[in-house]
Amino acid sequence: MPRVDLSQGRRLPSPMTMIIICYPDYGELLMKAQPKQRPRTLADLLPGQTGVIATIEGDPELRTRIQSVGLRPGRHVAVIRRSRFGGPLQVRLGTSDLVIRPQQAAHIMLA
Amino acid sequence: MKRIALLGMPNTGKSTFFNRLTGASAKVGNWPGITVDLLSARILLGTEMVEVVDLPGVYNLHGFAEDERVARTFLEEQPVDLLVVIANATQLDRQLALVLQLQALGQPMVLLLNMIDEARRLGIQIDQGRLSQELGIPVVAISAKHGFGMGKAREAITQALRSAHPPRHADIEKTFSEDDAIEARLEQVFSDTVQVPLTATDRFSDRLDRLLLHPWFGLPLFFLAMLGMFEAVYTLGAPLQDGVAWLLEVIKRDAMEPVVAGWNPLMQSFVLDGLFDGIGTILSFLPIIVLFFLFMAIVEDSGYMSRAAFLMDAFMSRLGLDGRAFVMQLMGFGCNVPALMGTRVMRSRGLRLLTMMIIPFSLCSARLQVFVFFTTAIFEPWAAPLVLFSLYLFSFGAAFLTALIYRRRLKATEPLLLELPPYRFPTLRQMWLRGWREVTHFLREASGFILLGVVLVWALTHFPTNVPVASDQTLAGRMAALFAPVMEPLGIDNLMTIALLFGFVAKEVVLGAMAVIYGAGEGELAGIVGRNIDWVQAYSFMLFVLIYTPCLSTVAVLKQESKSWRFTALAVGWPLMLAWVASFIFYQTARWLGF
Ligand SMILES: Nc1nc2c(ncn2[C@@H]2O[C@H](COP(=O)(O)OP(=O)(O)OP(=O)(O)O)[C@@H](O)[C@H]2O)c(=O)[nH]1
Ligand SMILES: [Mg+2]
């Protein structure tokens, strides 16, 4: 994994280098590097992985919101793809596809 | 008169059905949240007149977004004889929840399983009889888009209306406690009546997504597609526009001029230079507008909007916005007004206001006319589309800059949860409906305050009558002179300042005003303008037109949707300032560089 160490007081890399360095999705790389353990929330799933929703946490408004689009306990969900830069996930729920941000996906606990 | 309400989750085809049923031309698009306001029409069903109301989609009767509130308030306040619930037949696992929730209201109901064409293609089997039995309501499978099952749906609605009790309001509060019971029932009804094959996915959409949502190529492809679209509008539209301009010239020369020949000169000038040239110039852009909206119809119906939201969300979130705000910007390319209304799907006030701040920077079709005119008049044919595209980039730039500056004051705290519908393509009928909608809209505007604006410009540039037209001594000239110290550093002369002043009403007026000022129809106008200003001035002018207040309608909608004068003042004042600064920097830099 490429790293930029800014602590040693060297000059900042040029904008172009920054872009190139920043492009890979660190979140994803990190996750791939981690030892395999069972994903706990929807946000932990990698593209192609599936899980079953156990519970939905968070404040009532968010819970209602999540459930009303069909993400309910007991349902199978699959992550189809994750967008770059820590962007949203594409989640498949039966025959529907949904877009959800990782922050909210982390409220959806898997069995 | 009896009243029926069309209800359902977003993007299930309510408006498509509404159009089929009533012959209306409500806006349709493959994006959840196209309809955000009530729409009603009257039709003859059986032997009586019935009012049909198209409502915004709702996921849940207890939702908190503005569009959901519109639907909910309607149900609570207006007595309804029959609920017609429209569900997407391919997603009954999700959609039956709303049906059950609505049933708890105890109102007479008919369920329409829409998009049955897609359900069949996916191999989904629905036991309609059983479903109807378990729910205790009539169920009809239809395809509103292709017109399948419409006769049966009409019949079922007529039947249900006949036996309906007196109309009632809905008591939505009461149903709050019943949500849990609904869940268990949902599972059971679904498993009893619907069979979904294991591999029921839209393979075409999947394959296309692999390309269009590609982590590396997704965004570049998006911008390439946009560039392609504008190129197409430009190359196809320009000749059409020339045709109309030529036609108008002929009419003016052979029909209008002989008729007014005997009139007094002032009246002649009013009719020819004021009304005919002013309005004619605006009308000559009709083909481009129609063409543009046909392309927009394809884009909006394709489902690509939701993909754009997916691709851009990470970036937009850093600006304090989300992917939907980007989609509203795209929608704003057609017209800012529906885009501003479209923010009703957002629940957080901060997010909504911030999005409403940036939408007016979207280069709408009215501004497109001004830019098409100037780029054609000033630039080489090969450069014109690129110049146009650069203005689109500035449009995004101004919006993103604004979001960056205001994101702290207008804080957004809202989860993003969005549907990704399958790719679709509009039918010819749908495109025709859309084109027709835009033409009537355009003509209504043109005959309303655009006409008024043009008449005003004519009056101001022709009085007093004893000085040369549009000279410094006319009323308009004196007005422009007031602004000269501010506008001169931008390379914008007095005549163009007059056009800008009236462009405040609507951007269409800018060209109408120029036609009146120079006393020329669209055909000659390009030549005159080309001789009077150079490209630096023209570009500076276009930047100003791009960024400053789009039109009075947007100002009115900004006020209506924000319900705040302070916000409205900010949303008008800030772009005005930004427009000046951007034009100033551009003009002075270009001159300094020796252009
Ligand atoms: N394949 C298919 N597509 C359909 C059918 N009916 C509607 N659509 C498409 O579904 C999309 C949504 O249609 P709309 O009529 O705008 O849906 P709506 O329910 O009014 O949506 P909102 O106003 O956003 O709640 C559009 O792309 C339509 O072309 C159908 O019967 N079959
Ligand atoms: Mg609609």
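## Chain B: a sheet, its helices and a magnesium site

In this predicted model, helix H3 (residues 92-103) of chain B lies across S1, S4 and strand S5 (109-114) of chain B, and its direction is at about 165° to S4(B).

- Chain B has an open sheet of six strands with mixed pairing, and their order is S2-S3-S1-S4-S5-S7.
- Strand S2 (39-45) and strand S7 (139-141) of chain B each have a single partner strand, so these two edge strands are each left with one side that has no neighbour in the sheet.
- On average, neighbouring strands of this sheet are turned by 25° against each other, direction ignored.
- Strands S1 (residues 2-8) and S4 (residues 82-88) of chain B run parallel and are joined by five bridges.
- Ala5(B) has Leu83(B) as its bridge partner in S4(B).

**Helix directions**
- H3 of chain B runs at about 165° to S4(B).

**The magnesium ion (ligand 2)**
- Its protein donors are Ser15(B), through OG, and Thr35(B), through OG1, at 1.9 to 2.0 Å from the ion.
- Ser15(B) belongs to helix H1 (residues 14-22) of chain B and Thr35(B) to the loop between H1 and S2 of chain B, so the pair ties together parts 20 residues apart in sequence.
- Ser15(B) and Thr35(B) are both buried.

Notes: Residues are numbered from 1 along each chain as its sequence is written. Chains are lettered from A and ligands numbered from 1 in the order in which they are written. This is a predicted model: local features need pLDDT of at least 70, side-chain atom pairs count only at pLDDT 80 or more; totals for chains, interfaces and linings use all residues. Side-chain values use heavy atoms; hydrogens and water are left out. Two strands pair if DSSP finds at least two bridges between them. Helices (H or I, at least four residues) and strands (E, at least two) are DSSP runs, numbered from the N terminus. Axes are lines fitted to C-alpha atoms, for helices over the stretch in contact, and angles run from 0 to 180 degrees between N-to-C directions. Contact means heavy atoms within 4.5 Å. Donors are N, O and S atoms within 2.8 Å of the metal (3.2 Å for Na, K and Ca); water is not among the atoms, so sites may look incomplete. Buried means under 20% relative accessible area, exposed over 50%, partly exposed in between (1.4 Å probe, protein chains only).
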